[in-house]
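Here are my notes on the model, as promised.

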Amino acid sequence: MRHVLAAASLAGALAVSTAGPAQATEYTSALKLKGVQYDAPGADSNRCSGGNTKDEYLTIKNYSRTATVDLRGYVVKDATGNKFTFPASHRLEPGDYVKLRGGRGTDSDAGNVVYRQNCNFIWNNDKDTIYLVKPSGSRADVHSYTKRANDADGNGYISFHG
């Protein structure tokens, strides 16, 4: 009987230990990076007037079926440390999304848009890593991309989560 219990205990421990690493690659956050327009259409121009940084954007979606999430305090950053912190409340209902755009503009819950109020591009056109960090400092989602490997049609947009 001891051997049966020991074997059952070991099997349970193995099941728990093998489930851990598989889950570690996918964050449990309701908010995820849906996709990124990392290469704005046209020639890159970071002029605040007449530039195209507003055409570079990151889409963040609330994949929860029940929870509303407030973006205040969430941080989006790239591999080199360029970052944006959501300064104001922007509530995402279940299934809702927001486009975080470069450039200057007026944030709108109804229009699902928040502007970085910065006319510099944040995402590299060849490769980068995008981090979505919770106000607590823990990661909500992370994705790396390369133009060559992830943008087969060459349109400058990559989808991470459907």
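1. Start with Asp 141, which touches Tyr 27, Leu 31, Lys 32, Leu 33, Ile 130, Tyr 131, Leu 132 and His 161, leaving aside residues up to four places away in sequence. Contact here means heavy atoms within 4.5 Å. Asp 141 sits in strand E10, residues 139-146 (helices are DSSP runs of H or I with at least four residues, strands are E runs of at least two, numbered from the N terminus).

2. Before going on, the ground rules. This is a predicted model, where local features need pLDDT of at least 70, side-chain atom pairs count only at pLDDT 80 or more, and totals for chains, interfaces and linings use all residues. Residues are numbered from 1 along each chain as its sequence is written, and side-chain values use heavy atoms, with hydrogens and water left out.

3. Asp 141 does have polar partners. Its side chain makes a polar contact with the side chain of His 143 at 3.3 Å, and a polar atom of that Asp 141 side chain lies 2.8 Å from the backbone nitrogen of Leu 33. (Polar contact: N or O atoms within 3.5 Å; within protein, one able to donate a hydrogen and the other to accept it, with residues adjacent in sequence counting only if both atoms are side-chain atoms.)

4. Now the cysteines. Cys 48 and Cys 119 form a disulfide with sulfur atoms 2.1 Å apart (the cut-off is within 2.5 Å). The pair links distant parts of the chain, 71 residues apart: Cys 48 is in the loop between E1 (31-37) and E2 (57-62), Cys 119 in the loop between E8 (113-115) and E9 (127-133). The S-S torsion of Cys 48 and Cys 119 is about 120°, so the disulfide is right-handed. Cys 119 is buried, at 5% relative accessible area.

5. Overall, the protein chain has 2 helices and 11 strands. Buried residues make up 38% of its 162 residues.

Methods:
Buried means under 20% relative accessible area, exposed over 50%, partly exposed in between (1.4 Å probe, protein chains only).
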